[in-house]
Amino acid sequence: MILLIFAASPSLALDLRLALPLPLPERAVEVSPPVRKGWVIYEVKPGDTLSGLAEHYGVNPKHIMWSSGLRSDRLYPGQRLLIPIVGVEERPPRVPPGVEVYRVRPGDTLDTLTKRFGLTPVELVSANPSLESLDRLVAGMELYIPRKAKGLLLTLGEGQTLVDLAARFGLSPVAVARANGVKDPTELRPGDLVLLPGIQAKTTYQNLLAKQEAERRARLEAERKRQEELRRLAQERARQQALAQRQAPRQQASPRPQVRRVSYQEGAMRWPLSGFRITTYFGQRGAFQRYHTGIDLAAPYGTPIVAAKAGQVEVAGWSSVGYGFHVVLDHGGGVETLYAHMNRIAVRSGQWVKAGQVIGYVGSTGWSTGPHLHFEVRVGGMARNPLAYLP
Ligand SMILES: [Zn+2]
């Protein structure tokens, strides 16, 4: 405070004022009301005391001494004082007693706050009528919480008085003054908060509710559009899959009930999963295929999938025709195996793998209704019954 006064250097103001033609008016130089910083040049009258003047101007007596160059607090009539009024009007806005300033913490919602402070939503909104949304409480923002009297909390506008506000809401000025702990209504300044007891911001609350409902509807509409788009994409995938199937080799058209075992030399394989249940066999009509080009092995999400035979990774990635994340291994001699609908792929294309090496994990990506491995064996580019190659 002291530093402020001296650092602000009153010399300019001093010079201006001292350059004014003296004599000064009788008692004091009136400073026009909006001035928030400045000095009052005051001529001491009989009976004036330093503490009395300090109280009248709302400043520290020591500051009058410093700015007037006094050595003692003894005043004599006719003495001229330079009374600083720096910062007098710069106090923070007054908050009525019984109203707590609450800083919103992460995770706070209107719901949790009304419960914590035993308020109704209307009461909380009435204390914060400038709230813009019931849903978007931002951590760090300040809310006013009425702990005693409930009512509408308004900011006193420029040129507005407590009496004006009370009249506007049909309240007795005395009741409003009491609810705000105010003895002298003129002590309130623009920017101060005034509690209007018993008044509720019902319209504000209803507007906020309407806004909340509109936002909820907009969210539902956006979700509906998203679902519609997903359905459209799924239909498109099914159409492409059907097209691919129609172009598939003809000789697969009739599934053979009896499986011819192939010799080890032709390419004995191991099961790509250690625990599973066969849900769809080769050649069966599948959920998404007219003719099933592999076998479906149901297993929980994340079950490791191993290479059925040693080979080189030919494909490791996403399929545009329903396989989802899938891997194709080239075992040489035109023999390939395919592993589809993976949750995650564990190999890279070009990599060599041993039989039994983990190449990915069971998932339900692509055109799939639940976690399973779609396993195919291809020889010369044609799908064969995998059971013929498995133990
Ligand atoms: Zn399948």
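View 1. His 341 is buried, with 26 other C-beta atoms within 10 Å. A residue counts as buried if 20 or more other C-beta atoms lie within 10 Å of its own, as exposed if 12 or fewer do, and as partly exposed in between, the C-beta atoms being placed from the backbone. The model is a predicted one: local features need pLDDT of at least 70, side-chain atom pairs count only at pLDDT 80 or more, and totals for chains, interfaces and linings use all residues. Numbering runs from 1 along each chain as its sequence is written. His 341 lies in strand β12. Helices (H or I, at least four residues) and strands (E, at least two) are DSSP runs, numbered from the N terminus. The phi of His 341 is near 65 degrees, a positive value in a residue other than glycine. Most residues other than glycine have a negative phi.

**View 2. Val 335 and its partner across the sequence.** Val 335 also belongs to strand β12. It counts as buried because 20 C-beta neighbours lie inside 10 Å. The C-alpha atoms of Val 335 and Arg 378 are separated by 5.7 Å, although the two residues are 43 apart along the chain.

**View 3. The largest nonpolar core.** A nonpolar core is a set of buried Ala, Val, Leu, Ile, Met, Phe, Trp, Tyr and Cys residues joined through C-beta atoms within 7 Å. The largest one has 28 residues, of which Ile 305, Ala 307, Val 327, Tyr 339, Met 342, Ile 359 and Leu 373 touch the most other members. At least two residues of this core come from each of β8 (295–298), β9 (304–306), β11 (325–330), β12 (335–345), β14 (358–362) and β15 (372–379). The largest share, five residues, comes from β12. In soluble globular proteins, nonpolar side chains tend to be buried together.

**View 4. The surroundings of Leu 373.** Which residues does Leu 373 touch, not counting residues up to four places away in sequence? They are Pro 272, Leu 273, Leu 297, Ala 299, Ile 305, Tyr 339, His 341 and Val 362. Two residues are in contact if their C-beta atoms, placed from the backbone, lie within 7 Å. A second, separate core of 20 residues includes Val 125, Ala 179, Leu 188 and Ala 201.

**View 5. Strand β14 and its pairings.** Four of the five residues of β14 are buried, and the strand is mostly covered. Strands pair if DSSP finds at least two bridges between them. β9 and β14 pair in the antiparallel sense over three bridges, and Val 306 has Val 358 of β14 as its bridge partner. β12 and β14 likewise pair in the antiparallel sense over three bridges. Arg 344 stands opposite Tyr 361 in β14.

View 6. Within helix α4 (residues 61–68), His 63, Ile 64 and Ser 67 are buried. Seen down the axis of α4, its buried residues fall within an arc of 105 degrees, so they line one face of the helix. The arc is that of the directions from the helix axis to the C-beta atoms. Gly 69 follows α4 and has a positive phi, near 70 degrees.

**View 7. Helix α9.** Helix α9 (residues 202–246) has 45 residues and reaches 66 Å from its first C-alpha to its last, close to the 66 Å expected at 1.5 Å a residue. The expected span is 1.5 Å times one less than the number of residues. Two of the 45 residues of α9 are buried, so the helix lies largely in the open.
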